[in-house]
Structure formats: C-alpha cells, structure tokens
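Please consult the sequence and structure shown here.

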Amino acid sequence: MNRLIIRILLSITLLMQSVSAQAELLTLAVASNFTAAMNEIVEQFEAGTEHSVRVSYGSSGMIYAQIINGAPFDIFFSADQEKPQALEDAGMILPSTRFTYAVGGLALWSKNAELDLQNGEILRHGNFNRLALANPRLAPYGIAAVETLQHLGLDESTRHKWVLGENISQALQFVETRNADLGFVSVSQILDQGEVRDGSAWLVPADLHSPIRQDAVILRRAEQNPAAHAFINFIQGNQASSIIESFGYRLDSE
C-alpha cells in the first residue's frame, strides 16, 4: 500500500514538473495605444495555454530606449515601424520575426458632446483652450497628429495651445480629465463595440498623415522561450485578428 502511494505521488510530481517545464513566463513591451486590445488578447491567450504573460505599456520611444539599455522584454509591440527596424538593424531581434500586427487610426476627440469636431473646423476657428497630443518625439501617434495639423495648415497657429503627453494614453487622459478641451487620440481608445463611447469625435482621414503601421519583433533573449513563438502565432491567427479589428485597427493585408 505504501509503495502504491509512493508511486502515485511520484507520478503526480513528474506530471507537475512536465507541465511546469512547458509553461513559460512571457514579458511583453507594448505601445500604450494598443492597451485595450492587448489586454483582451492576453486574456484569451492565457485561457488557452499554460503560459503566463506580463505586459508593460508605454510610449514606443521610451520602450525602445529601455530595450537598448537591456530591459528584459521578450516581444516588443511598437506603434511604428522605425523602432523595430532599428532593433533589427542592430541585431537585437530574432531574424525574420518583424511583422506588422496592426494599422492604427487617428481621431480628434472631446468629452464635450456638444462640440462639432467634424472636418477639424474647430481647429481652424481656434475656439478651444488646450489641444492634447502625444509627444511626436516619443510617440508615432503624436507624429500623425502633427502631420495632420501641417496638412491642414494649422500647426503654427495651434502650437501655443498644445499639451504634450508622454504617450497617447496620457494625451487621452488630458482630454478625459478636461485639462484639454480636445485632443488627438487613437481611434481604438474611444471605441466601444465599434461606436464612439462618449463625447464627440472626428475620425481623421488616413490621407492626412502617414500610415500608422505598427510592427512587432521577438527579441533575442526569447529565442528559447516557446511562449514567445506561441504568442506570435496566436496574434496572427483569426481570434486575435478579430479582436484587433474590433478596436478600430486595420490589418496590414487590407
């Protein structure tokens, strides 16, 4: 009887060790505009695998600097293509792992539902106090916002009203807390099941700024981490693609 119990306990121990060997911790660095979509993707991924995921959000520029200085991330989801390309050129990623996971959209948004933001005419008239946008030195959505203003010929006339956030999430926060009357944010941040959740918005036409193609890369430290490869396979699959599109992004193949 004692031998049988010992055998059972030994089998359980070996099984637990086997599961533990297969389950890995995955560390993601993700551009803040993709927060809501990534939270849902991670939830679905963890529900279907033994792996666990830890996510850090921030501006693409800040994350890039952290990676260059040795931050222990496995995968980087940027809000642009330039920073993943730079990491690839520096030999810091696994070869052939860079790909576009989403194409973002830009919106002018206000908490005030009474404001008419269509076609950005409010920017031309100047009847607002503060305009929030992500810092274009750090965040691709900030670059897109500045390009939009330049295209409209309004970058100089509005510059004294700009309030710069470290990233697109902080730009959104400025508008949500009414520290800015309106701001350029990611379309994904203001949608709820395909509709603008509150306030008023103008979805900026894509031809007013450069395409916001967002690339991801697997960093070299994750070469032996099966969770990294499993996660990339998952995010390129139909389930994750549907989640990405539900937050107002386009897929690169569209």
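This is a predicted model: local features need pLDDT of at least 70, side-chain atom pairs count only at pLDDT 80 or more; totals for chains, interfaces and linings use all residues.

The face of helix H2 that is turned away from its buried side carries the exposed residues Glu43 and Ala47.

**Helix H2**

- H2 comprises 14 residues, 35–48, and spans 20 Å from its first C-alpha to its last, close to the 20 Å expected at 1.5 Å a residue.
- The residues Ala37, Met38, Ile41, Val42 and Phe45 of H2 are buried.
- Viewed down the axis of H2, its buried residues fall within an arc of 130 degrees, so they line one face of the helix.
- An α-helix has 3.6 residues a turn, so residues three or four places apart point the same way.
- The cover over the buried residues of H2 includes strands S1 (25–31), S2 (52–58) and S3 (75–77), together with helices H10 (226–235) and H11 (238–246).

**Aromatic pairs**

- The count of aromatic pairs comes to 6.
- Phe34 and Tyr249 have ring centres 5.2 Å apart and planes at 65 degrees, so this pair is edge-to-face.
- Because Phe34 lies in the loop between S1 and H2 and Tyr249 in the segment after H11, the pair ties together parts 215 residues apart in sequence.
- Both Phe34 and Tyr249 are buried.
- Phe77 and Tyr101 also form an edge-to-face pair, at 5.0 Å centre to centre and 85 degrees between the planes.
- Phe77 belongs to strand S3 and Tyr101 to strand S4 (residues 99–104), so their pair links parts 24 residues apart in sequence.
- Both Phe77 and Tyr101 are buried.

**Cluster and charge over a ring**

- One aromatic cluster is formed by Phe34, Phe45, Phe77, Tyr101, Phe231, Phe234 and Tyr249.
- Lys161 lies over the face of Phe128, at 4.6 Å from the ring centre.

Key. Residues are numbered from 1 along each chain as its sequence is written. Side-chain values use heavy atoms; hydrogens and water are left out. Helices (H or I, at least four residues) and strands (E, at least two) are DSSP runs, numbered from the N terminus. The expected span of a helix is 1.5 Å times one less than its number of residues. Buried means under 20% relative accessible area, exposed over 50%, partly exposed in between (1.4 Å probe, protein chains only). The arc is that of the directions from the helix axis to the C-beta atoms. Contact means heavy atoms within 4.5 Å. Rings of Phe, Tyr and Trp (its six-membered ring) pair if their centres lie within 6.5 Å; planes under 30 degrees apart count as stacked, over 60 as edge-to-face and the rest as tilted. A charge sits over a ring if NZ of Lys or CZ of Arg is within 6 Å of the ring centre and within 35 degrees of the ring normal.
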